[in-house]
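Have the model open as you read.

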Amino acid sequence: MTSPVLHHLLPLVAAGLLSGTMNAVAGGGSFVSFPVLVLAGLPPIAANATSTVALFPGTLASTWAYRHDLTGIGGISLRVLLPISVAGGLVGAILLLVTPGGVFDKVIPWLLLLATLTFIGGRRPGIWLHRYVHIGRAPLLVAQFILAIYGGYFGGAVGLMMMAVWTLLDTAELHAMAGARTLLVSAANGIAVLCFAIAGAVWWAETLAMMASAIAGGYYGARLARHLPPPVLRAFVVVLSATVTVGFFLKSY
């Protein structure tokens with residue numbers, strides 16, 4: 001008898017490749033991987049956990065590709081931001097695992113909407129707020145912890161959310177923040193991956209089918225990020241995320 005995952009092998013591999021590339025360049029890979037896993041028959045919480053695990057090596061590959069560009073944010077060292085992101089990711093992962101499935105089904109469209117609005121706004125809200133608000137290091141560390149919780153729980157557009165908040169302290173260019181974004185998202189996701197694996201929330205056949213192509217997408221996507229026009233990719237992600245969000249609202253409500 002044919003394994004069920006084989007019926008969805010091509011979509012899973014394609015989703016992994018596209019998701020890894022998107023995460024490397026602008027974020028939003030879960031807008032591809034999560035709905036594909038749901039369509040493959042996974043319950044939403046399992047799809048979310050499986051997506052996180054499948055895309056994690058891709059974010060590591062992106063971090064390696066950005067290794068020469070890793071710098072702190074606003075004078076705050078990555079040695080400080082890293083453990084804060086790990087702690088937040090741990091809290092978020094635990095919250096996901098204790099969330100009842102029915103509740104998550106109702107929450108997921110709103111999380112997708114939040115991520116979509118983040119993609120539409122990008123860093124512009126942070127840049128606009130920077131004219132009137134300039135936060136110090138302590139508030140940024142608190143915000144980083146909260147965003148890491150979101151990253152461990154769901155994580156859609158969390159990298160963009162981080163950069164929007166960082167803009168309130170540091171107005172560096174997007175490319176200058178890309179390395180820190182990938183590293184800290186990887187930190188929050190890494191501890192979440194460990195939690196999901198220990199809890200048995202991961203569907204491993206689907207994970208492995210998606211993981212290899214996500215690694216390739218993550219590595220080469222980070223290299224392409226230096227040459228790809230950001231507006232083009234942002235428009236693609238916004239259209240895709242809006243479509244997925246509407247679909248989940250229709251399904252849930």
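How are α4 and α6 oriented to each other? They are roughly perpendicular (angles of 65 to 115 degrees count as such).

## Ground rules

This is a predicted model, where local features need pLDDT of at least 70, side-chain atom pairs count only at pLDDT 80 or more, and totals for chains, interfaces and linings use all residues. Residues are numbered from 1 along each chain as its sequence is written, and side-chain values use heavy atoms, with hydrogens and water left out.

## Where α4 meets α6

Helix α4 spans residues 44-65; helices here are DSSP runs (H or I, at least four residues), numbered from the N terminus. Its axis and that of α6 are 9 Å apart, at an angle of about 70°. Axes are lines fitted to C-alpha atoms over the stretch in contact, and angles run from 0 to 180 degrees between N-to-C directions.

On the α4 side, Pro44, Ile45 and Asn48 meet Gly101, Phe104 and Asp105 of α6 (contact means heavy atoms within 4.5 Å).

## A buried asparagine

Asn189 is found in helix α10, residues 174-199. With 13% relative accessibility, Asn189 counts as buried (under 20% relative accessible area, using a 1.4 Å probe and protein chains only). Leaving out residues up to four places away in sequence, Asn189 touches Thr52, Phe56 and Gly151.

## A charge over a ring

Arg67 lies over the face of Trp64, at 4.1 Å from the ring centre. For Arg, that calls for CZ within 6 Å of the ring centre and within 35 degrees of the ring normal.

How values were computed: Helix = DSSP H or I, 4+ residues; strand = E, 2+ residues; numbered from the N terminus. Buried < 20%, exposed > 50% of the residue type's maximum accessible area, 1.4 Å probe, protein only. Parallel < 35°, antiparallel > 145°, perpendicular 65-115°, else oblique.
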